[in-house]
Amino acid sequence: MLGSYANASDAQLPRKRKRPTISCSECHRRKQKCDRQQPCFHCTRRGKTEICLYEHTAEEYMSYESITTELGTIENASISQIPSDTRPGSEAVIDQLMSRQLGYSSSCSTGTFKIVSQLGEPDRSPATFANSRRNNDAAAQYLGLIREIPHRKYVNILVHSFFTNVAWHYDVIEEAIFRDELSDWDQVSYTALKQGPEYLPVNTRYFPALLLQVLALALLYQPVQYDDILDDLKYAPDIDFSDLASDYSTAGHQIMCMLGSRDMPLSKIQAGLMKACFEKSIGSVIESWHTLGSTIRDAQELGLHQLSPYDANKIASDASKPREVKLRRKLWLVLHLWDAHMAAVLGRPMATRLDPRVVSSTSPPTASPPQDQQEVILSPFDIILCGYHAAFKYLQDIHDLEVTSKIAQETVQKIHNAVVSNISRLPAWATSPSPTLDCKYPWLPAARETLITEVYFVLLALHRPFMSSLSTSRVEALKAALQMLESQNRLFSQAGSHMHMSFTLVFATFDAMVLVAATYLGFPSDNLELLPASMKCMQWGLARLDAMRARNTMAGLAYDVVQALYQKVLSCITIPDPPALYTDDSGNFNRVAQIPSGDYAGQEILQVTGAMANTKQDLDNQLRQEPLFDLVYQDLLGKSEALKQTDTAVPRQEQCGEPAYDSFWQLMDDLT
């Protein structure tokens with residue numbers, strides 16, 4: 001009787017259509033889900049991109065779908081007459097369950113597979129089986145990525161190193177909370193992991209992405225005298241910590257991409273920031289900018305940009321989570337500062353705007369420390385707040401300036417005066433060394449010099465576009481560059497070799513040195529009273545870049561460029577015997593600023609020596625500043641003659657043709 005039933009079923013069932021294979025050949029062979037990219041995720045991860053091939057193109061598959069849709073109405077009429085337990089849909093489910101998962105052959109005409117297929121649709125629906133398969137794929141992918149996380153004993157060492165050497169730069173990851181989340185992650189069972197990330201709490205499932213970025217930065221900034229046990233992490237004889245760091249960072253990024261942006265926690269924003277920091281540290285600046293952009297969009301998805309004016313009492317009394325509210329504000333401020341700073345350096349558009357009223361003023365520029373400095377309680381974020389209120393908040397206004405507008409010159413004067421006034425009112429611990437506080441907070445000396453560098457970078461960015469039209473802007477831009485170079489020299493002397501990967505030590509030095517060289521090459525008769533100091537700072541900068549080039553590729557490129565510019569300056573300008581420079585080693589914040597400055601009221605101050613007399617030039621007939629690209633490539637091509645002055649008026653932006661390379665990163669991207 002069973003045989004007659006089988007024959008009747010065979011006669012009634014329509015033949016199953018053979019669907020075209022839309023997975024790549026490797027995913028089809030391995031029976032795994034394919035994302036249909038070229039190359040797909042699995043082939044990329046397994047290093048099989050060369051054999052990631054497709055039998056049908058996307059267009060052919062769409063054509064097939066349109067044909068089968070038209071045939072569907074015809075087939076539905078006949079299929080509707082077939083008992084529900086013998087329809088092709090049920091057969092496909094059984095095929096997936098028994099053939100792909102249990103291993104039964106679907107080509108055998110007798111046996112268990114054939115019997116089960118004839119007994120009708122099981123209790124579980126086709127969608128349930130499909131979801132089960134997708135969950136299995138997600139679980140396998142998730143497990144494969146979190147296997148990159150090393151043993152806990154290595155994690156403990158690297159986490160400690162991160163919070164010692166790296167975390168103070170942005171202070172967006174609180175150590176106590178991070179360690180609690182790490183402890184929770186250690187309690188996740190393998191059984192729970194096998195079920196898939198969607199079965200884990202939201203914070204837990206995203207935590208490995210943040211952890212891997214933390215481990216990557218910790219490895220990147222390892223000191224020379226590191227714990228030898230970390231050598232056990234190296235899986236090849238010629239691998240180094242930067243290679244391991246790249247592996248960890250890539251795995252963390254893949255976890256973020258896999259989990260997507262649905263139900264994402266704040267830890268994904270933190271992980272995105274750390275990923276951007278890692279990319280910037282290894283010189284992948286454009287990639288860092290794109291990572292920052294995607295992180296900003298994720299933050300906007302969470303509403304971090306929707307901030308009300310800061311009210312400490314309201315935040316403290318918030319019935320929800322006051323710590324989370326503060327973290328949201330902190331993250332958005334750091335994202336905005338990154339965005340504004342990279343826009344000023346890279347010349348990129350800004351994606352964020354920030355009202356200064358929404359920023360905490362718990363450490364205002366006018367604050368005075370207590371009499372007993374032991375009572376001063378500081379965090380690295382206090383340094384960021386000081387920098388924001390003193391100068392950083394003007395970066396978005398500087399980015400919006402139109403160089404050819406007369407109103408812009410008035411705006412430059414207002415911003416300049418405001419920044420200089422704010423600098424004079426910064427708290428003492430933010431401007432001068434403090435043995436008591438520097439011992440209490442080991443990160444403070446480096447954070448202080450970083451603050452000084454970045455505050456004066458704001459002045460440099462403010463005046464740089466006007467160097468060709470305003471001699472006072474040339475003076476102020478040059479003095480800001482000298483402040484940056486001297487601060488960088490102090491920072492370099494304090495930092496160990498593990499900080500040679502820091503992008504701050506490279507880009508600030510390079511940008512400032514190029515501006516100094518461009519000033520004397522483009523305007524050889526200007527600012528001669530600052531020439532000895534300028535040459536000394538360039539010598540310091542070259543020595544720093546040379547020392548860092550062993551660990552930092554970008555430092556080596558920067559050294560070659562600046563060395564050529566420095567030699568050109570020496571060949572073009574007669575430099576008197578330089579006097580001893582900066583004999584005061586107390587760390588006074590205003591050493592360069594003590595050099596007499598011109599009156600920033602729009603008057604021309606052109607001081608020259610020797611046979612040159614004081615003159616006043618017509619602004620419309622001044623030498624146009626040579627762009628960085630032209631200066632560099634003249635040197636790299638071996639042209640060492642001095643730049644010739646012309647009577648050409650300052651061109652408008654639309655007359656300049658290709659945009660000038662006025663930043664380190666634009667030049668480095670072109671050279672590399």
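## Ground rules

Contact here means heavy atoms within 4.5 Å. This is a predicted model, so to speak of local features takes pLDDT of at least 70, side-chain atom pairs count only at pLDDT 80 or more, and totals for chains, interfaces and linings use all residues. Residues are numbered from 1 along each chain as its sequence is written, and side-chain values use heavy atoms, with hydrogens and water left out.

## Thr 204

Leaving aside residues up to four places away in sequence, Thr 204 touches Tyr 142, Trp 185 and Val 188. Thr 204 sits in helix 11 (helices are DSSP runs of H or I, at least four residues, numbered from the N terminus). At 16% relative accessible area, Thr 204 is buried (under 20%, with a 1.4 Å probe and protein chains only).

## Helix 8 against helix 11

The axes of helix 8 (residues 152-165) and helix 11 (residues 202-220) come within 8 Å and cross at roughly 70 degrees. That makes the two helices roughly perpendicular (65 to 115 degrees, on a scale from 0 to 180 degrees between N-to-C directions).

Helix 8 brings Val 155, Leu 158, Val 159, Ser 161 and Phe 162 to the contact, while helix 11 brings Leu 211, Val 214, Leu 215, Leu 217, Ala 218 and Leu 219.

## Helix 12

Among the buried residues of helix 12 are Phe 241, Leu 244, Tyr 248, Ile 255 and Leu 259. Down the helix axis, the buried residues fall within an arc of 160 degrees, so they line one face of helix 12 (the arc takes directions from the axis to the C-beta atoms). After helix 12 comes Gly 260, with a positive phi near 75 degrees.

Conventions: Buried means under 20% relative accessible area, exposed over 50%, partly exposed in between (1.4 Å probe, protein chains only). Angles under 35 degrees count as roughly parallel, over 145 as roughly antiparallel, 65 to 115 as roughly perpendicular and the rest as oblique.
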